[in-house]
Each structure stands twice: as C-alpha cells, then as structure tokens.
Amino acid sequence: MNRVVTVGLDGTPESLTAARWAAREARLRQATLRMTHAWILLSDERDHPSAEGNDPNYWPKWIIDQAMRSIEPIYPDLPVVEDLVAEDPVDALLSAAAESELLVLGSRDMAPMASYFLGDVGLHVMARAQAPTVFVRAREDSTPADDEGDLTVALSLRGPCDALLEFAFAGAARRGVTLRAVHGRNLPAAAYTRGGIVADPYFRGEIVRHAQRELADALHPWREKFPDVRVVETVWAQSPARAVVRGAVGAGLLVVGRREERPRVAPPVGNVLAAAVHHAPCPVAIVPHG
C-alpha cells in the first residue's frame, strides 16, 4: 500500500497553510499527498455533464486547484492525488484518515474568541480519527512552513503511550531536531502551606523528582531505538494543560496523545488536548493510542 498523507481542504487560508505543511510532511515521509475536499452536493459528471461556463462543481474544483497552485512551485516533484468526494466532511475525513499515515487540517487563528472554538468538523474528526491528525494555523505569507524549532511531546505518564512516543521520536529523527519531552504534574493539597498559597519546597521537590524518574523510564527504550535523537526532559509542578502550552513555546511541532478508550460520560476531548489545540502557537499533532 502506498504511503499517503491526506490534507482536508475547504477553501480557507487555514486549509491552504495546512496543504503546504502536509506537502512538506509528505516529502519528508516520501509519501503521496492526497488533497481531499468533501461536498455532499457534488454532482456526478458522468450523469450530468457540465456545459461550458456552467459547471455545478466549479467551486469544489477551484478549492483543489487553489491548493495545487500553492504547493506545486515549492514541491514540483511531489506525487499528488486530487480527491473530490460527495460525502459529509466528517465522514469523508474519517474515511481518508483510515487510509492514511497522517491527516492534516487547518486550524483557526489565536484571536481571543476564534481560538476558543475549534469547529464541529475538526472536533469530531480529532475525537474519532484512526490516524494521527495535525492541526495547522494559517500563515499570512505563502512560503512553506519550515517547522523551525524542536519537536515537543507532552506525556501524561498514566499508562502505555508507545504509539505517541514512536510518532514523536520518528518525527524528530526525520526533521533532525531535538525532542523535548514535557510533563506537568499537579501538586496535591497536602503540598501547600500558608493557607494553601505556597507549596512546601521539600514536598514539591520530592514530587518533581519522582515524576522525573517516571519520565526517564518511559523514554529509555525509545532513546535506545533512536540513539541519534537528542532528548531533553522537563517536568513542571503545574497542571498538565498549562505544561503542554508552555512546552509548545518555540516548538516546530507539538505532539499530544488521545486515549482511544475514554469513559462514556467523559467529553470527547480532554482539557489537556483542548488546551493544546486552542492555545499552542505551533502545529499540533494528535496521536490516538491505547
């Protein structure tokens, strides 16, 4: 089976930026780029041939052509497949993700209100996609995203995360960058003194040192598997949501995990993942894992 990176297009500046990011990633992976646009009212041209100047599929085709013009001068030799489908966007993207190594989508800017709403399509896809999904914010220029900066992976250390670590280490190896592994740990109420305002230094230090040992143990087998990847480990005594956003500063890519098995009463996306997607200044990769 051919290696495929899929980008979902909707004609927005965000999706054009996502197309350029996906093209660079496809080149790094030596994969084919599939550009997908889903419109449930797409006409079957075999049944309804369009007359000149009256093409019912003009706008869907224009969206694909616009993305092609954006990436072709930068990656002229990249194999590209154009994919127009008459489906609901969520269903189409989930199907594409099941057939791809990676799914790439545009994400809104960081304006105070816009950054709070991911959008129905992105939310549903992120919560259910079988493949890792990357959200890329819009850029004002048309240059390719260089992904300058290290790759940051956020780890909860509450269970196995092999798929997450494999994605992160392999991504850092492909890019030739440092892998920054970050972990945030809340301090228990017993750690605080002076009316619950100041944390006891000794208690705080012991909790951080214990978390550092757990982080080192989780990374050890992957360091051996990827000996050429430089790894920097960081533990912060703060909430995981704050730690993941803090760790994204200066990064070229932030990698976070999504547990495939969540409690039935839990929201589809946890607060750490939501914080990463809404507030990280760099592209965010969400990796489903057990």
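A salt bridge here is a side-chain nitrogen of Lys or Arg within 4 Å of a carboxyl oxygen of Asp or Glu. Keep that rule at hand for the tour.

This is a predicted model: local features need pLDDT of at least 70, side-chain atom pairs count only at pLDDT 80 or more, and totals for chains, interfaces and linings use all residues. Residues are numbered from 1 along each chain as its sequence is written, and side-chain values use heavy atoms, with hydrogens and water left out.

**Whole chain**

Start with a cartoon view. The protein has eight helices and twelve strands. Helices (H or I, at least four residues) and strands (E, at least two) are DSSP runs, numbered from the N terminus. Of the 290 residues, 49% are buried. Buried means under 20% relative accessible area, exposed means over 50%, and partly exposed lies in between (1.4 Å probe, protein chains only).

Switch to a surface. The protein exposes about 15,100 Å², and carbon and sulfur atoms supply 52% of that area. Accessible areas come from the Shrake-Rupley method with a 1.4 Å probe; for residues, only the protein chains shown count as cover.

Now think about contacts (heavy atoms within 4.5 Å). Among those with a separation of 6 or more, 79% join residues 24 or more positions apart.

**Stop 1**

Select Glu206 and Arg209. Their side chains meet in a salt bridge at 2.6 Å, N to O. Both residues lie in helix α6 (residues 201-225), three residues apart, about one turn of the helix. Glu206 is partly exposed at 33% relative accessible area. Arg209 is also partly exposed, at 39%.

Side chains of opposite charge can pair when their charged atoms come close. By the rule above, the count comes to ten salt bridges.

**Stop 2: bridges across the sequence**

Select Arg3 and Glu101. This salt bridge spans 2.5 Å, N to O. The pair links distant parts of the chain, 98 residues apart. Arg3 sits in the segment before β1 (4-8), and Glu101 in the loop between α3 (89-98) and β4 (102-107). Arg3 is partly exposed, at 40% relative accessibility. Glu101 is partly exposed too, at 24%.

Next, select Arg174 and Glu25. Their side chains form a salt bridge at 3.6 Å, N to O. Arg174 lies in helix α5 (residues 162-175) and Glu25 in helix α1 (residues 13-29), so the pair ties together parts that are 149 residues apart in sequence. Is Glu25 buried or exposed? Glu25 counts as buried, at 2% relative accessibility. Arg174 is partly exposed, at 28%.

Arg3, Glu25, Arg29, Glu101, Arg174 and Arg175 are linked in a network of salt bridges.

**Stop 3: a nonpolar patch**

Return to the surface and colour Trp39, Ile40 and Leu41. They form a nonpolar patch with about 320 Å² of accessible area together. Patches are made of residues with over 30% relative accessible area and no salt bridge; like charges are joined within 9 Å, nonpolar side chains (Val, Leu, Ile, Met, Phe, Trp, Tyr) within 5 Å. Ile40 lies in the loop between β2 (32-38) and α2 (58-71). Ile40 is exposed, with a relative accessible area of 58%.

**Stop 4: Pro288**

Finish at Pro288, in strand β12 (residues 284-289). Pro288 is buried, at 9% relative accessible area. Which residues does Pro288 contact, leaving aside neighbours within four places in sequence? They are Ala129, Gln130, Ala131, Pro132, Ala163, Arg258 and Glu260. Now pick the C-alpha atoms of Pro288 and Val256. They are separated by 8.9 Å, with the two residues 32 apart along the chain.
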